[in-house]
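I set out to record what I looked up in this structure. The entries are grouped by topic.

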Amino acid sequence: MLIYRLNQPLKLESGKTLSTVDIAYSISGTPHSDGSNVIVICHTLTGGIQPKSSSIWWFVGPGKLIDTDYFCVIAMAALGSWHGGSSPCWRGNNMEKPLGIDFPTVSVIDSVRAHHQLLTQLGICHARAVIGGSFGGFFSYAWLALYPEMFDLALIFQSALLCSAHTMAFFSLAKELICSDPAWNMGKYNKEAISNMVGIRQLLGLNRLIQLSHARFEELFPAANRQKEENIGSHFSLKNSKIDEFMLSAPKSLQGLDPNSFLCLMQSSKMFDLEKSVPNLWERWKQLKTHLVQIPCAQDWRYPVSGMLDIHRKAKQTGVNSHLHVTRSRYGHGSFLHDPESLKSILPLLYKLLNNPQ
């Protein structure tokens, strides 16, 4: 992980100012002077910024769709996240302690503007593609709105131009689980207290419940297996199934999670409304040269196909070179990372788009 400090304070979308801004990022490969081999990958809400070494980003690496033997891959942490850089838990230079609850609210727009300054400092004024899904899709759309001449190609999975009401409802409950936990201590907990926060464990289980589809749960816990493990004599107050264990176990991918940073990142996502932040969005997109490819999943009920279809139709009417490709997966939301088979049919097209600039 590398750190870049902006050379000036950042005026936030809220009107406040973040005086010191550190951006955590990873870079794999050497960028061409014209940026023709640069791929910007926008992380998911809980995902990290090491796509090359992450098993979740299955299509990034040597010889893969995004071939890191050729492409220069850059991933930057959102402001407020626990993945590094300025956030409630960040211990940067000259900081006696993290800002914690005193860290300001930051938006997706704030992060993208900061990320643009970093790329400019790296000498990258143009890039081959921006790629993101879900929360990372918010970033991808924001990049196209703020810097419409930056990218040749945008691949956006299972996302939208604004946070869905359903996702906002989940964040409301997740916030309550964290903030009502005594160990949270009004945001003034110490690092050792995190492992004792029941609220964190509960919201991770809740996240599984809303992310995975009905079909995926049935696949993980077939009825035949459930019947075998059922024990009619087990007391109703006790854990008595593998589903209980699954729902309350902490995934390895979220090791290092910081509650205040999670709250901050959820608020960034909850506030995302691109047409509100950029009122002249469609007018700006009349000049958009980026080839926009949106890839929703038919089984994703968090960000259904209809939302991306609306964006596609309006983009086409505006003159954007837009395409929509619907995938199918029992996994549902997040299938672009967790179900490689769901993208198999369109991989040749994606390879062609990435490797043959128009």
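**Entry 1. Basis.**
I worked from a predicted model, in which local features need pLDDT of at least 70, side-chain atom pairs count only at pLDDT 80 or more, and totals for chains, interfaces and linings use all residues. Residues are numbered from 1 along each chain as its sequence is written, and side-chain values use heavy atoms, with hydrogens and water left out.

**Entry 2. The sheet.**
I took helices (H or I, at least four residues) and strands (E, at least two) as DSSP runs numbered from the N terminus. I counted two strands as paired if DSSP finds at least two bridges between them. I found an open sheet of eight strands with mixed pairing, in the order 1-4-8-5-9-10-11-12. The edges are strand 1 (2-5) and strand 12 (321-324); each has a single partner strand, so one side of each is left without a neighbour in the sheet. For angles I used axes that are lines fitted to C-alpha atoms, for helices over the stretch in contact, with values from 0 to 180 degrees between N-to-C directions. On average, neighbouring strands of this sheet are turned by 20° against each other, direction ignored.

I then looked up helix 2. Helix 2 lies across strand 5, strand 8 (72-76), strand 9 (127-133), strand 10 and strand 11 (291-295), and runs at about 145° to strand 9.

**Entry 3. Strand 11.**

I followed the strand to its partners. Strand 10 pairs with strand 11 in the parallel sense over five bridges, and Leu 153 has His 291 as its bridge partner in strand 11. Strand 11 and strand 12 are also parallel, with four bridges; here Val 293 is opposite His 323 of strand 12.

**Entry 4. Cavities.**
I worked on a 1 Å grid over the protein atoms alone: a cavity is a set of points where a 1.4 Å probe fits but cannot get out, a pocket is an open set with protein on both sides within 12 Å along at least five of seven lines, and lining residues have an atom within 4 Å of a point. Grid points are joined across faces, edges and corners, and a volume is the space filled by probe spheres set on the points. I found two cavities of 30 Å³ or more.

The largest cavity holds about 60 Å³. Its lining consists of Val 40, Ile 41, Cys 42, His 43, Met 76, His 115, Phe 139 and Trp 143. Strand 5 (38-42) and helix 2 (135-146) are the elements that give two or more residues to this lining, and strand 5 has the largest share, three residues. I sorted residues into nonpolar (Ala, Val, Leu, Ile, Met, Phe, Trp, Tyr, Cys and Pro), charged (Asp, Glu, Lys and Arg) and polar (the others, Gly among them). The lining of the largest cavity has six nonpolar, two polar and no charged residues.

The second largest cavity has a volume of about 30 Å³. It is lined by Phe 59, Leu 65, Ile 131, Leu 155, Phe 157, Leu 343, Leu 347 and Leu 350. Strand 10 (151-157) and helix 13 (347-355) are the elements that give two or more residues here. By class, the lining has eight nonpolar, no polar and no charged residues.

**Entry 5. Second largest pocket.**
I recorded a volume of about 700 Å³ for the second largest pocket. Of its 26 lining residues, Pro 88, Cys 89, Arg 91, Pro 98 and Asp 258 lie nearest its centre. The lining divides into eleven nonpolar, nine polar and six charged residues.

**Entry 6. Helix 3 and the following loop.**
I found Asn 185 in the loop between helix 3 (165-179) and helix 4 (198-211). Asn 185 is not a glycine, yet has a positive phi of about 55°; at 44% relative accessibility, Asn 185 counts as partly exposed. Met 186, in the loop between helix 3 and helix 4, has a positive phi of about 55° although it is not a glycine. At 63% relative accessibility, Met 186 counts as exposed.

Leu 177 lies in helix 3 and, at 18% relative accessibility, counts as buried. I listed its contacts (heavy atoms within 4.5 Å): leaving out residues up to four places away in sequence, Leu 177 touches Gly 199, Gln 202, Leu 203 and Leu 206. The C-alpha atoms of Leu 177 and Leu 203 are separated by 6.6 Å, with the two residues 26 residues apart along the chain.

Notes: Buried < 20%, exposed > 50% of the residue type's maximum accessible area, 1.4 Å probe, protein only.
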